[in-house]
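This briefing is for a reader new to the structure.

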Amino acid sequence: MTSSEVNVGVERLLAPWFRTQLVPSALPRLDGVVAKLLAGAKAADVGCGAGVAIIEMAKAYPRSEFHGYDIAKLPLQRGEENARKAGVKNVHLHDVAVDPLPADASCDFITTFDCLHDMTRPDLVMQAIRRAIKSDGTWLIADVHGMPTFEENLKQNPLAPLMYGFSVICCMSSALSEPGGLGLGTLGFPEPVARRMTAEAGFTRFATKDFDNPINAYYEVRP
């Protein structure tokens, strides 16, 4: 399988939830986020891929600006194409290598969807998110739901064999693709790890959200 096929496959895997659940079901259950987006806010999706999530939000909240950040050029190209097809003018995509997340505490709302466990240094990304977000901002994390230990996953998570397979084939390879990578992998970011790492990055509020997704866990994190 080529890298382009992997990127398209991930887009197809995640897109249905973005298109059917993110705007009508998930965002209204976050404290104050919808009101800000309706009025006009600055939002960022870190690890935006092909931009499906921010395009859906941009269509729903035309007064707000949505910025997508990624390191992969092919998904960013697909994101530009998807934004053109959707006719949205309030979506802006950024290659992190040349245009990183701002460090001026200007973002009202930040999202990371199913990407932190893939990153080589999610700790540094979390620190960058903390610098980018306003003091009253909200960070929505979506990541794979897993147990804290291998044994617990085998006993309690019926999807564990599949997820560990994904991890070996794809996620762990990404998370260890650079020297010093933390190597979290598909099931390496359970709630206790998420709580610890966000606190170490300077966030003080952490709440779990149940959005009726059997694969993902969702966390509402605030400074």
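Lysine 85 is exposed, at 65% relative accessibility; here buried means under 20% relative accessible area, exposed over 50%, and partly exposed in between, with a 1.4 Å probe and protein chains only. This is a predicted model, in which local features need pLDDT of at least 70 and side-chain atom pairs count only at pLDDT 80 or more, while totals for chains, interfaces and linings use all residues. Residues are numbered from 1 along each chain as its sequence is written, and side-chain values use heavy atoms, with hydrogens and water left out.

**Salt bridges**

- Lysine 85 forms a salt bridge with glutamate 81, and their closest N and O atoms are 3.1 Å apart; the term stands for a side-chain nitrogen of Lys or Arg within 4 Å of a carboxyl oxygen of Asp or Glu.
- Glutamate 81 is partly exposed, with a relative accessible area of 32%.
- Helices (H or I, at least four residues) and strands (E, at least two) are DSSP runs, numbered from the N terminus.
- Side chains of opposite charge can pair when their charged atoms come close.
- Arginine 121 and aspartate 123 also meet in a salt bridge, at 2.7 Å from N to O, and arginine 121 is partly exposed at 31% relative accessibility.
- The count of salt bridges comes to 10.

**Helix α8**

- Helix α8 (residues 191-200) holds both arginine 195 and glutamate 191, four residues apart, about one turn of the helix.
- These two side chains form a salt bridge, with the closest N and O atoms 2.9 Å apart.
- Arginine 195 is partly exposed at 37%, and glutamate 191 is partly exposed at 28%.
- Val193, Ala194, Met197 and Thr198 are the buried residues of α8. They line one face of the helix, because seen down its axis they fall within an arc of 120°, taken from the directions from the helix axis to the C-beta atoms.
- The cover over these buried residues includes α5 (122-132), β5 (133-144), β6 (205-209) and β7 (216-222).
- Glycine 202 follows α8 and has a positive phi, near 110°.

**The sheet**

- Seven strands make an open sheet of mixed pairing, in the order β3-β2-β1-β4-β5-β7-β6; two strands pair if DSSP finds at least two bridges between them.
- β3 (91-95) and β6 stand at the edges with a single partner strand each, so one side of each has no neighbour in the sheet.
- From one strand to the next, the twist averages 20°.
- Strand β4 (residues 107-113) runs parallel to β5, joined by six bridges. Cysteine 107 has isoleucine 133 in β5 as its bridge partner.

**Nonpolar cores**

- The largest nonpolar core has 32 residues, of which Leu22, Leu27, Leu37, Phe66, Val91 and Phe109 touch the most other members. Such a core is a set of buried Ala, Val, Leu, Ile, Met, Phe, Trp, Tyr and Cys residues joined through side-chain atoms within 4.5 Å.
- α1 (3-26), α2 (33-39), α3 (52-60), α4, β3, β4 and β5 are the elements that give two or more residues to this core.
- Leaving aside neighbours within four places in sequence, valine 91 is in contact (heavy atoms within 4.5 Å) with Ile54, Ile55, Ala58, Phe66 and Ala83.
- Another core, of 27 residues, lies apart from the largest one, and its members include Leu116, Ala194, Met197 and Phe203.

Key. Axes fitted to C-alpha atoms, helices over the stretch in contact; angles between N-to-C directions.
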